[in-house]
Amino acid sequence: MQDEPRETSARSDERAPTSDRRAEAVRLVLDRVDRLPTLSAVAAKLLGMGSADDADLDEIVKLIESDPSLSATMLALCRKADKGLGDRITTVRRAVVMLGLESVRSTVLGVEVYDLMRGVQAERAPEGAVGLDRGALWKHAAAVACAAELLAREPSSIKPPRDGVFVAGILHDLGKQVLDLVLPASYAKVLRLAEQERSDSAPIERRVIGLDNHTAGRRLAEKWKLPEAVRTVVWLHSQPPEGVPEGPHRDLVLVVTLARAWVRGLHLGACGDFGPIPDAAELASRLGFKPGVLDRLETRLIAEVAERWSLLGLDDQSEPELLLGALATARQRLASINRSLEDKLARTAGAVTLGESLEACLSGWEPGAGPAAAVDRVLAAVEALSGRRCGACALRRDDRWSITLQ
């Protein structure tokens, strides 16, 4: 695939860049992406390892022990994940055995990427800019990863791999963080417009920036040498099933897409998308999952999300608190939607009133009466609506009339 936005056309009524300016804007954004920091050698090697069955435990332990800070983090997180063991978890080996390769990989990656992005954000964010809520996005990503992992174990017509599902889920929205980092002011505008227009962020990103988060995320995933499966998920997630091409990672893309719709419906975290939430149950049915699978797994998902948020240092909420938080988020979203609808209705009502006034004023006008009579009637309508006196002057130039309202 070429590094081009998935949709490059702009609406004719938008002040979008010309093709040359758009190409230059895309080049500059990708150049900034290429200058972002790289993952540590330890994280890169952990990601490059094969499946859990093929991994060498000694090699994993040596990798983590080679980084004292990472070793301390792993031990602390492992104790936090299982408070019953407490201080008895004193070695990296015991932590790795307890958590397993996939959990170790996803935890190392999650902690490192979160810290890396947070550090760059502190250096680049302009004062006063309201950008992406990074904590809420990471909560969303971790919840999607948990949901995808649960769904991958369920019978269906798709067969995603068991290994790598969590990592793909937690990194699927990587591109949003990238755009927020390299163009913080522009991305704040993207989020504002997306909320105002009740739209997902990608089409607004293409309109404002020239490329979307899928392109930016895949570019950084390539720079970090992330597995091809992860790069494909970053690039193709959230497409309808018929829009995902056949390939070795298609089922992984589909299970992450389903997990994302499920998590958005439960309002776990926030992803910067404000468009209609896909019907997760309908999508699950299309992918061959048994009826009611999402309802059956919901309680388990909430428990795993609460544990994972705690493990990654994102939050320390109990399951009831997590549910209450999701309900509060849902209420906020509904209130925002209501405000948006009220604004649209007010604008529509204003347009109708103006149209009716103009129609009433012009209803008795005869074409032969000339432009001055028409202008008089238009001014009467404007005065009636605005409550202010209006005037007009007309100048004849080269046998053509030019009418200017005062």
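Two residues are in contact when heavy atoms lie within 4.5 Å. In this chain, residues 24 or more positions apart account for 67% of the contacts with a separation of 6 or more. The structure is a predicted model, in which local features need pLDDT of at least 70 and side-chain atom pairs count only at pLDDT 80 or more, while totals for chains, interfaces and linings use all residues. Residues are numbered from 1 along each chain as its sequence is written, and side-chain values use heavy atoms, with hydrogens and water left out.

**The chain as a whole**

- The chain contains 18 helices and two strands; these are DSSP runs numbered from the N terminus, with helices being H or I of at least four residues and strands being E of at least two.
- Of the 406 residues in the chain, 45% are buried, a term that means under 20% relative accessible area, with exposed meaning over 50% and partly exposed in between (1.4 Å probe, protein chains only).
- The chain exposes about 20700 Å², and carbon and sulfur atoms supply 51% of this area; accessible areas come from the Shrake-Rupley method with a 1.4 Å probe, and for residues only the protein chains shown count as cover.

**Helix α12**

- Helix α12 spans residues 213-223, and it is largely enclosed by the rest of the structure because eight of its eleven residues are buried.
- Its buried residues are Asn-213, His-214, Thr-215, Ala-216, Gly-217, Arg-218, Leu-220 and Ala-221.
- Asp-212 caps the N-terminal end of α12, with a side-chain oxygen 3.1 Å from the backbone nitrogen of His-214.
- Asn-213, which belongs to helix α12, counts as buried because its relative accessibility is 2%.
- Beyond its neighbours within four places in sequence, Asn-213 is in contact with several residues, including Asp-173, Lys-176, Glu-205 and His-237.
- Just after α12, Lys-225 adopts a positive phi of about 60°.

**Helix α13**

- Helix α13 covers residues 228-236; eight of its nine residues are buried, so it is largely enclosed by the rest of the structure.
- Among its buried residues are Val-230, Arg-231, Trp-235 and Leu-236.
- The buried residues of α13 pack against α8 (165-171), α12 and α14 (250-266).
- Ser-238 follows α13 and has a positive phi, near 75°.

**Cysteines**

- A disulfide is a covalent bond between the sulfur atoms of two cysteines.
- A search of the whole structure for pairs of cysteine sulfur atoms within 2.5 Å finds zero disulfides.
- Cys-146 counts as buried because its relative accessibility is 2%.
- Cys-271 also counts as buried, at 4% relative accessibility.

Conventions: A polar contact is a pair of N or O atoms within 3.5 Å; within protein, one must be able to donate a hydrogen and the other to accept it, and residues adjacent in sequence count only if both atoms are side-chain atoms.
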